[in-house]
Amino acid sequence: MTKTIKLTAAQALVKWLSVQMTEDGDRFIEGVWAIFGHGNVAGLGEALHGIEDALPTWRGQNEQTMAHAAVAYAKTKRRKRAHAVTSSIGPGATNLITAAALAHVNRLPVLFIPGDIFANRRPDPVLQQIEDFDDGTVSANDAFKPVVRYFDRISRPEHLLTALPRALSVMTDPANCGPVCLAFCQDVQADAFDYSESFFEPKVWRIRRPEPDPREVEDVAALIRTARNPVIISGGGVLYSDAEDSLAAFSRKHNIPFVETQAGKGGNAWTDEFNFGSPGVTGSECANRLCEKADLVIGVGTRFQDFTTGSWALFRNGSRKLISINLHGYDATKHGAAPVVGDARVTLEKLTALLSDYKAAGFDAGSRTRWHEAVKTVTAAPATGLTNHLPTDAQVIGAVQRVSTENTVVMCAAGTMPGALQILWQSAKGGYHMEYGYSCMGYEVAGAMGIKLAAPHKEVVCFVGDGSYMMANSELATAVMRRIPFTVVLTDNRGYGCINRLQIECGGAEFNNMYKDSNIEETPELDFVGHARSMGAYAEKAADIAELETKIIEARSRTKPTVIVIDTDAVPGTGAGGHWWDVAVPQAGSPERLERAREHYNQNARDQRTFN
């Protein structure tokens with residue numbers, strides 16, 4: 001006779017999660033970020049308290065940002081471990097939507113467990129309940145459906161028997177990996193049920209390495225053999241496949257240079273002689289010249305996103321062809337690419353066996369050297385003796401670069417710094433973390449905490465602008481409470497400097513981005529040092545670039561977060577690299593600035609090739 005155990009549905013959920021293991025013997029779900037409300041405190045809150053260290057619970061300050069920490073943790077762990085996040089129904093749940101979208105775009109596993117309306121409907125409409133006038137089954141949590149890979153509503157205790165295995169199968173699937181939402185009806189959380197004891201036996205989740213179709217491998221091998229000037233675009237899938245070394249070996253053996261996307265940057269060190277930096281809108285000059293000349297573009301683990309392709313105006317060779325090596329057919333066939341659906345590492349190994357002694361014709365190695373000399377120039381410290389000159393973002397990057405080590409990880413998400421870092425940062429292997437799939441303002445501070453949790457041995461340096469810091473900063477207090485040290489370099493240019501430059505580039509008037517151009521009665525004098533100190537962080541202001549370098553080194557000895565504020569010039573860009581980006585310019589309007597912008601836009605748009 002089957003042995004059973006009587007548990008509430010909430011107890012069953014946390015007990016099951018606590019025994020889902022990785023091949024390395026760790027819990028796949030390391031723990032749960034939680035902010036409790038009436039929709040989850042009595043059921044799930046009590047269950048999490050009862051399980052204690054077998055599945056630890058951590059308190060966040062904001063539902064969105066604690067979920068950002070979970071996203072950063074999963075990214076740093078290369079999708080091999082994850083966190084769960086729970087909130088109440090209502091605003092707590094909808095606060096999670098942005099983080100779910102971020103995880104979905106970046107193909108990262110997070111388990112969202114928001115409370116939901118009463119399954120028995122007796123108290124309807126309960127506090128914070130969204131009522132659909134035409135559909136009684138809808139709740140606020142239906143907003144998760146477009147932004148998660150799997151959605152289920154737990155409206156009976158026995159639903160867990162199928163919903164939980166489905167959730168973990170998605171989160172550990174290399175092709176379909178992404179966030180999952182289990183909307184947990186608040187009365188059902190407290191309902192008891194006789195669960196089979198066998199349901200709670202430990203299970204090991206293995207992440208597969210799907211082998212490619214041999215015919216697809218042969219087809220692309222034939223394309224590579226005929227190419228004279230191929231280039232490899234290394235994306236985030238290379239990291240999740242642990243294929244960095246395989247890609248570097250493939251590149252060397254066949255004499256094919258490679259470039260790295262935002263998600264793929266740091267897969268291999270900048271010192272690799274075949275690494276030409278990044279392509280596209282925020283790419284290096286030497287990488288973009290390779291891509292313009294390439295007759296074959298070999299994408300490995302990339303979606304060929306807009307920024308990577310210079311809005312599809314970058315690959316200008318009239319005879320160029322695309323190859324896409326990707327785990328998901330949806331990505332592998334984009335833009336008419338010749339697809340190879342399979343694991344990146346396995347596919348590269350099979351390709352190199354077929355190609356044998358093939359070598360590409362060669363490339364201009366000197367362009368890479370010239371590029372890094374240009375980087376050194378624009379990131380150099382300002383000349384001594386200059387007064388009334390604020391440092392540029394490039395000079396701030398240079399300061400961090402000069403004091404960084406092989407152990408440093410730099411991270412960011414939105415504003416000026418993501419593009420500037422992609423162009424200018426010379427990353428050690430594994431030294432770069434950028435959330436640029438969704439480019440979510442407010443990810444930075446929480447994301448830095450998530451990275452440090454996943455890699456406590458690393459020095460984490462978080463670049464954040466004043467605009468993004470103002471969006472979300474409260475997890476700084478969480479990091480202080482949990483003694484999670486990282487360094488925040490807060491560049492204050494007094495507004496949204498990045499989008500202000502884009503506004504000007506598109507012919508627009510400076511409007512509503514910088515404080516000086518906004519409809520305000522008084523210009524704010526924001527004390528970021530005082531604000532960070534009020535949350536318990538160590539905070540100080542750097543007067544100049546030299547002082548910034550000193551303070552970054554000093555921060556390494558601390559056991560709590562350090563925030564270093566430095567005023568910067570909002571006007572200059574990086575001063576190097578880059579490519580056109582398709583941002584629509586108004587087709588009507590008489591100002592000369594708009595006419596010039598339209599002419600520039602039309603010239604570049606003619607180079608777009610959105611299908612091979």
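The model is a predicted one, so local features need pLDDT of at least 70 and side-chain atom pairs count only at pLDDT 80 or more, while totals for chains, interfaces and linings use all residues. Residues are numbered from 1 along each chain as its sequence is written, and side-chain values use heavy atoms, with hydrogens and water left out.

Starting with the fold as a whole, the protein chain comes to 23 helices and 21 strands, where helices (H or I, at least four residues) and strands (E, at least two) are DSSP runs numbered from the N terminus. Its radius of gyration is 25 Å, close to the 25 Å that the globule rule gives for 612 residues, so the chain is as compact as a globular protein of that length. That radius is taken over C-alpha atoms, and the globule rule is 2.2 Å times the number of residues to the power 0.38. Along the principal axes, the C-alpha trace spans about 75 × 65 × 55 Å.

Of the contacts (heavy atoms within 4.5 Å) with a separation of 6 or more, 76% are between residues 24 or more positions apart. The chain exposes about 25,000 Å², with carbon and sulfur atoms supplying 50% of that area; the areas come from the Shrake-Rupley method with a 1.4 Å probe.

Helix H17 (residues 444-454) has ten of its eleven residues buried, so it is largely enclosed by the rest of the structure. Among the buried ones are Glu444 and Lys452, along with Ala446 and Met449. Ala446 also turns up as a contact of Thr65, a residue of helix H3 (residues 63-76). Thr65 counts as buried at 3% relative accessibility.

On a 1 Å grid over the protein atoms alone, a cavity is a set of points where a 1.4 Å probe fits but cannot get out, and a pocket is an open set with protein on both sides within 12 Å along at least five of seven lines; lining residues have an atom within 4 Å of a point. Points are joined across faces, edges and corners, and a volume is the space filled by probe spheres set on them.

The second largest pocket has a volume of about 930 Å³. It is lined by 40 residues, and Gly415, Thr416, Cys498, Ile499 and Arg501 are the closest to its centre. Helices H16 (416-424), H18 (466-471) and H20 (497-505) and strand S18 (459-465) each give two or more residues to this lining, with the largest share, six residues, coming from H20. By class, the pocket lining has 19 nonpolar, 17 polar and four charged residues; Ala, Val, Leu, Ile, Met, Phe, Trp, Tyr, Cys and Pro count as nonpolar, Asp, Glu, Lys and Arg as charged, and the others, Gly among them, as polar.

There are two cavities of 30 Å³ or more. The largest cavity, at about 130 Å³, has 18 lining residues, with Lys265, Trp270, Gly277, His372 and Trp425 nearest its centre. The second largest cavity has a volume of about 90 Å³, and its lining includes Leu502, Trp580 and His600. H20 and helix H23 (592-605) each give two or more residues to that lining.

Terms used
Buried < 20%, exposed > 50% of the residue type's maximum accessible area, 1.4 Å probe, protein only. Lists of a residue's contacts leave out its neighbours within four places in sequence.
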